[in-house]
Amino acid sequence: MEIRQILLCILLLALSANCVANKSSSNERDNNLKTAPVNKMASKEACELLDVLYAVKPGTIISGQHNYPCTISETTDEAKTITGYYPTVWGQDFGFSSNDKDGIECRDKIIQEAINRHKKGHIITLMWHAVRPIDNEPGGWKESVQNDLTDEQWKNLVTPGTNLHKQWLVQLDVIAEYLKVLRDKDIPVLWRPYHEMNGDWFWWGKKKGTEGYVKLWRNMYNYFTHHHKLNNLLWVWNANEIRNDNIGPYSEYFPGLDVVDVLATDVYQANYAKHDYIKLKKLAQGKPIAIGECGPLPGVEVIDEQPDWVWFMCWARFLSRNNTNQKIHEVYNNSKVLKLEDM
């Protein structure tokens, strides 16, 4: 069964949702924008997946779970063991290291598992903790992923024709080949690269202005879309909750509505501050918003008070680390939370 059929069944059975994408009413999301993907050549499957996201009614949310690269589906399976339900969104990371949970040697297995999970009806979301373009894979967490670039290196990185830009393109080529396997099997992907850019802990973080993160994103979008023809991707721009003065406003790092399909933020504080929800929703101008990563699961009070989150995805191994079994059961047995088994 195709993903659109499966997920529309979930939505119809659980919500009695109206799945017409370009209409709006008092009890539907703000769909005043045309709901087609930003990539004009997006695949039928990518268009259908975006339709599903727009069809989620306010006050309901799709469940999701991330997994570390070389654990494949460990925490997704844990959610099933604890609750009896599978999360609908299956998340993975292309990794950066070697011979540990984040190893790049597991990429082939990740793609095969994505294919298997898609066949079972899961929505696939992928991300990438990339090493610095001045480094080779595999790389270290502190040594590369959380290291920095000089201003001159950054300028060269985002300037086409420089040696560093060319080296970055080679880095992108590696990941593009994996994504093409999914493209050629008609599998749409919620693509969530270079996340948490409004914080300062990754090499791509805290780079303001048109020559900063915005240019990195737009360069990547153009290269993947126009050069590699990755028309199965929906582009998820994913910032970090604004929990202190060291984390910048969403608007300073947003690359534009013309290159973003979904806006998301990561939430690791239990209170789910409403200002993040309000600011992201305003920036989205009617596009779907999501909880790209979380530690504590969103409880019923979050779903009621912040009704337009389309999905949440708990971080790998944080399911049990940040939530009691009682909390996990409460969330997964909430009729407002859409599980895979709701079809």
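A salt bridge here is a side-chain nitrogen of Lys or Arg within 4 Å of a carboxyl oxygen of Asp or Glu. With that in hand, let us walk through the structure, which is a predicted model. By this criterion it holds 20 salt bridges.

Glu74 belongs to helix α3 (residues 74–83), while Arg317 sits in the loop between β9 (309–314) and α11 (318–321), so the pair ties together parts that are 243 residues apart in sequence. Both partners are partly exposed: Glu74 has 35% relative accessibility, and Arg317 has 32%.

Other charged residues are found in the interior. Arg132 forms a salt bridge with Asp135, their closest N and O atoms being 2.8 Å apart, and Arg132 counts as buried because its relative accessibility is 12%, where the limit is under 20%. Another pair is Arg192 and Asp266, joined at 3.9 Å from N to O. This pair links distant parts of the chain, with Arg192 in the loop between β5 (189–191) and α8 (213–227) and Asp266 in strand β7 (residues 262–267), 74 residues apart. Arg192 and Asp266 are both buried. Salt bridges can also join up into a network, as they do for Lys44, Glu45 and Glu48.

Now for the nonpolar side of the picture. In soluble globular proteins, nonpolar side chains tend to be buried together. The largest nonpolar core in this model has 85 residues, and those with the most contacts inside it include Leu126, Trp191, Tyr194 and Trp237. Helix α7 (residues 163–184) gives the most to this core, contributing 9 residues. Apart from it lies another core, of 20 residues, with Leu50, Val56, Leu234 and Met313 among them.

Leaving aside residues up to four places away in sequence, Tyr194 touches several aromatic residues, including Trp128, Trp168, Trp203, Trp204 and Tyr213. Its backbone also stands out: Tyr194 has a positive phi of about 50° although it is not a glycine.

Lys229 is likewise a non-glycine residue with a positive phi, of about 55°. Its place is in the loop between α8 and β6 (233–240), and at 46% relative accessibility Lys229 counts as partly exposed.

Pro138 is found in the loop between β4 (123–127) and α5 (141–145).

How values were computed
Residues are numbered from 1 along each chain as its sequence is written. This is a predicted model: local features need pLDDT of at least 70, side-chain atom pairs count only at pLDDT 80 or more; totals for chains, interfaces and linings use all residues. Side-chain values use heavy atoms; hydrogens and water are left out. Helices (H or I, at least four residues) and strands (E, at least two) are DSSP runs, numbered from the N terminus. Buried means under 20% relative accessible area, exposed over 50%, partly exposed in between (1.4 Å probe, protein chains only). A nonpolar core is a set of buried Ala, Val, Leu, Ile, Met, Phe, Trp, Tyr and Cys residues joined through side-chain atoms within 4.5 Å. Contact means heavy atoms within 4.5 Å.
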